[in-house]
Amino acid sequence: MKQKRSKITMMGRLRVTLRLRYAIPIFSVVAILISFLYFNAGTPKTAKADTEVISSNSFIINMGVTPQTYNNGLRPYGMIYDLMINYQVPVKWIIEPSKTKDGTDFTYAGTAYKGGTFIIPAEYINGTVTGRITYWVSQGVVGVYTTSAINVPVYATLIKYPSIIIDDVSGKDAIITNYFNNALIPSTAYTIGTPSILTNCHDLWINPHGDPNWTTHSYLYNLVTVSKSFIWMQCHAVSVTEGVANPSSPFQKLNFLSTNSLKCYSGGKCGSATETHAGNSTAPFTHLYPTDPVMQFMGTMNGACDGGSEKWYQPMSTGAWRSTTKRLVTTATGASPNEGVLMAYGPAYGDTTNGYVMYEGGHDISGNGTIAEQVAAQRAFFNFTLLAGYKKLLTVDNVITPATAYPGEEKEVSISLKGGAEPYTYQWSSNFGATFIQSSKSSTKIKFSPSASNLSGIITCSVTDNCAQQKSISRPVTLMNTLPIKLKSFSCKHVKNDVELNWVTASETNNEYFSLERSVDGINFTVIGKVQGSKNSTIDISYSFTDDNPEDDINYYRLKQTDFDGKFTYSDIKSVRIKKNITEGAGLKLESVYPSVFSDNFKINFSLTKSAPVLFVLINSSGQIIVKENIQANDGINTYDFYNNYDLKDGVYFVALFYNDEKVIQKLIKN
């Protein structure tokens, strides 16, 4: 039975249907294993800054002063540590996402600020903080107070300094502590010890030099894969570590950034690495990724790496850099993906859910090259430490609470988090005496008192991670008197680049219209469309509305119902995550896979019509996943080299490439 209904639309598309109360919905379920793997694999993300308004009387730390010295280039990191740790002051990290090397982040009062500027917001500057700013200026930090509000591209708000361990197995920990001394960061900022004391509460492990092996350094495997923590290494500890393997399970290796270890700094010193590389790197040196947070330093850093037993790094000829590894500063030796580097970093084992690992050439980057190059190299190091603290910060990913409720109702509440150290503990509470079914769970139900009505309250969830980081979030709720409609369901789902909203009413009384509202923070909502109600009804009525212009990232939706007398109520809030940068078509096309019958290695040529992350999966004939790796592909023809480091047995295999909804599959035979 169909009925025409008048409708008002502001944005999106509308569909309204009528069905009997007891009609059975029809669901179509398509379960494809490979598609499931793709959508749950995770892909490399390009960080982008959000423009923020910074209030007048904020303090800008000028990181682009030249020539760079320890005072104006390194001591700002000591200032940031001091303000964050001792005074709980957040620091804005400003990076213009489209700049070139040493380009301008923003301009204020005729000064071009460069090099990843830091800003202390005015809201956190009191008499005590002003005193600390004055102290740091006396130590050489260059900066200025603003006299007007400014718009700047904020990459991150820094509020956490990482928990750091400096490795002392080699006895070279003084090299690293000297970097901290140069920045005037106190010894309380780190611990000196062995990898055996690592826990998931440690955010960053640093190895200045040495000869790791599985017995002493196997803890690093869980550090990046389980604890999701960061690692920084320099000198020949890098090639030695990349060659370390578990004697009992050789597939467990510490080749964090390469597919098959790095060439060794010296013959026979790096386990499975059978090749060596020359002692000196070759010019010219190319500084890439100018908008990456690690690369926020002025000028070049290559001269600071020109000393010690290992000054640069290169993959074995039977391997390559992982596609997710950013080769930040390259040498003239080799070509991608096997080029030589002075500095590189990326997610361990190519998995973007793991902790990140960074390599920097040279024995002591504060003791080689010119002062400016030493400052640049150490700034890259400190930028990585800031990144470790930022990435391990406990943050709320999504929270759902009801906007309105009625006496005696039960409503679902939930919260999800990221960062920090699991397990998390939860505590739900309210200021109006509601009952939570399981107040210590991430997802539960809240029961409103049958006598509660006509008041507003607050629902709060406080979360603590395993390392005592805390996060608390509160949301308002309004308790209503009567129920103008009986809402059976309200849902939203991601359909290509759109979001489809569906709801069903079991009854309606004086219902004039519905307003569809969207929010990016779950608090501030905007109307995106209106749908005419059915006035009065006692049968099930289904409604649908399509939001064809959702925001990139999490979108929150709620349904506002308005009576003819102007009274209104809200539904529960629903959410859906949109990734436009992934779902917009990239024109994935498989050009060739050869040889189709391989013994050890094969090549894949594929093309895209834009730069985008692509997932590579190798599956055996039983449907088991053998390899899963992200490839950061470029616009045009791309080549991916597969090296058999997995002891593949002879037989049939399937190669698959995925870019969101697009996928290509090719059969291969190993013989």
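The axes of helix α4 (residues 173-182) and helix α8 come within 11 Å of each other and cross at roughly 95°, where helices (H or I, at least four residues) and strands (E, at least two) are DSSP runs numbered from the N terminus. The axes are lines fitted to C-alpha atoms, for helices over the stretch in contact, and the angles run from 0 to 180 degrees between N-to-C directions. The helices α4 and α8 are therefore roughly perpendicular to each other, given that angles under 35 degrees count as roughly parallel, over 145 as roughly antiparallel, 65 to 115 as roughly perpendicular and the rest as oblique. On the side of α4 the contact is made by I176, Y179, F180 and N182, and on the side of α8 by Q378, F381 and F382, contact meaning heavy atoms within 4.5 Å. These residues divide into 5 nonpolar, 2 polar and no charged; here Ala, Val, Leu, Ile, Met, Phe, Trp, Tyr, Cys and Pro count as nonpolar, Asp, Glu, Lys and Arg as charged, and the others, Gly among them, as polar.

Before going further, please keep in mind that this is a predicted model, in which local features need pLDDT of at least 70 and side-chain atom pairs count only at pLDDT 80 or more, while totals for chains, interfaces and linings use all residues. Residues are numbered from 1 along each chain as its sequence is written, and side-chain values use heavy atoms, with hydrogens and water left out.

Helix α8 itself covers residues 371-391, and its 21 residues reach 30 Å from the first C-alpha to the last, close to the 30 Å expected at 1.5 Å a residue, the expected span being 1.5 Å times one less than the number of residues. Because 17 of the 21 residues of α8 are buried, this helix is largely enclosed by the rest of the structure; buried means under 20% relative accessible area, exposed over 50%, and partly exposed in between (1.4 Å probe, protein chains only).

How many disulfides does the structure hold? There are 2, a disulfide being a pair of cysteine sulfur atoms within 2.5 Å. One of them joins C201 and C467, whose sulfur atoms are 2.0 Å apart, and because the torsion about their S-S bond is about -100°, this disulfide is left-handed. C201 lies in the loop between β11 (190-193) and β12 (204-207), and C467 in the loop between β24 and β25, so the pair ties together parts that are 266 residues apart in sequence. C201 is partly exposed, with a relative accessible area of 25%, and C467 is also partly exposed, at 25%. Leaving aside residues up to four places away in sequence, C467 touches N200, C201 and A421.

C264 and C270 form a disulfide as well, with their sulfur atoms 2.0 Å apart, and this link, with 65° about the S-S bond, is right-handed. C264 counts as buried because its relative accessibility is 0%, and C270 is buried at 1%. When the bonded cysteines of the protein chain are numbered in sequence order, the pairing is 1-4, 2-3. C461, by contrast, is in no disulfide, and the nearest cysteine sulfur, that of C467, is 18 Å away.
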